[in-house]
Amino acid sequence: MSKKISLHFHGEFDKLLPPDQRNVDFNHELKETRSVKDLIESIGVPHTEIDIIIVNDESVNFEYLVKPNDRIQLYPTSRQTKAELINISPLIHCQPEPLTVPRFVLDVHLGKLAAYLRMLGFDSLYRNDYDDPTLATISANEQRTLLTCDRQLLMRKQVSHGYFVRARQPQQQLLEVLSRFYLFELKKPFTRCMHCNGITQAVSKQEIETQLLPATKKHYNKFFQCISCKKIYWEGSHYLKMQAEINKLKAGEI
Ligand SMILES: [Zn+2]
């Protein structure tokens, strides 16, 4: 009896699958009885990346046991249901509901992304000494989406809300995360400290004047200060450049 199955990953899996397995049907040898979740992770795609699984025209969940000759279609999370899925009923979503208030925990390689997310007001835990078990536990216990470039980390059972960050350049990573989690309308710049994730509040120029460099004092009048670590922020060129990039992405220019 043939133990071949056919798989098709739809969407953006360019950093997770080799070119000959992206957006095409490909065959795979079923070596043992296993759930579809185990199967896709053995191929290299963490369960956090897949929302809808169609096996032979029926929607299934992660626990489905794969059978010889199955035709398996896999779809990532999306707000819009793909046209080919509209007539499938019931349509099972394998991913949990998005968090009502987006909150993140980031792995040790994503320090700059954490700072950028904080700059836009998103609660983002980051420490350069968090190990993998700690990251997975924080994500599960505090209901935070785990952002990482480590697919093995996302394959941990504990992780329900997670995302594999594709881009390598921090500003591109930021745009990717804003887009993936629909955060453009939710950003509140300067409400959180880039350094410690603490809450910031507006502060008068007079109060902090002595701590400013002459050029900053001359060119800026609006300031914010972290309640926890007392760091001071203003809408400088770095912030304005990032804002311009975000606006371009929103307008579909990049
Ligand atoms: Zn702070």
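Q: What distance lies between the centres of domain 1 and domain 2?
A: The two centres are 24 Å apart, taken over C-alpha atoms. This is a predicted model, in which local features need pLDDT of at least 70 and side-chain atom pairs count only at pLDDT 80 or more, while totals for chains, interfaces and linings use all residues. Numbering runs from 1 along each chain as its sequence is written.

Q: What makes these stretches domains, and which residues belong to each?
A: The bounds come from an automatic or database domain assignment. That gives domain 1 (4–85), domain 2 (100–187 + 245–254) and domain 3 (190–234).

Q: How many residues make the contact between domain 1 and domain 2?
A: Domain 1 provides ten residues and domain 2 provides nine. Two residues are in contact when their C-beta atoms, placed from the backbone, lie within 7 Å.

Q: What kinds of residue does domain 1 bring to the side that touches domain 2?
A: Five are charged, three polar and two nonpolar. Here Asp, Glu, Lys and Arg are charged; Ala, Val, Leu, Ile, Met, Phe, Trp, Tyr, Cys and Pro are nonpolar; the others, Gly among them, are polar.

Q: Which residues of α1 are called buried?
A: They are V36, K37, L39, I40 and E41. The buried residues of α1 pack against β3 (52–55), β4 (58–60) and β5 (71–75).

Q: How do you know that β3 and β5 pair?
A: Pairing asks for at least two DSSP bridges between strands. β3 and β5 have four, in the antiparallel sense, so they qualify. I52 has Y75 in β5 as its bridge partner.

Q: What joins β3 to β4?
A: Three bridges do, and the strands run antiparallel. V55 is partnered by E58 in β4. These strands form a hairpin with two residues between them, and N56 in the turn has a positive phi of about 50°.

Q: What makes β2 and β4 edge strands?
A: The five-stranded open sheet has the order β2-β1-β5-β3-β4, with mixed pairing. β2 (25–29) and β4 each pair on one side only. Elsewhere in this order, β1 (residues 4–9) and β5 pair in the parallel sense over four bridges, and H8 stands opposite Q73 in β5.

Q: What makes a set of residues a nonpolar core?
A: Its members are buried Ala, Val, Leu, Ile, Met, Phe, Trp, Tyr and Cys residues joined through C-beta atoms within 7 Å. The largest such core has 30 residues, and L117 is one of those with the most contacts inside it. α2 gives the most to this core, with five residues.

Q: Which residues does L117 contact, leaving aside its neighbours within four places in sequence?
A: They are F104, F122, S124, L174 and V177. A second, separate core of 17 residues includes I40, V45, I53 and L74.

How values were computed
A residue is buried if 20 or more other C-beta atoms lie within 10 Å of its own, exposed if 12 or fewer, and partly exposed in between; C-beta atoms are placed from the backbone.
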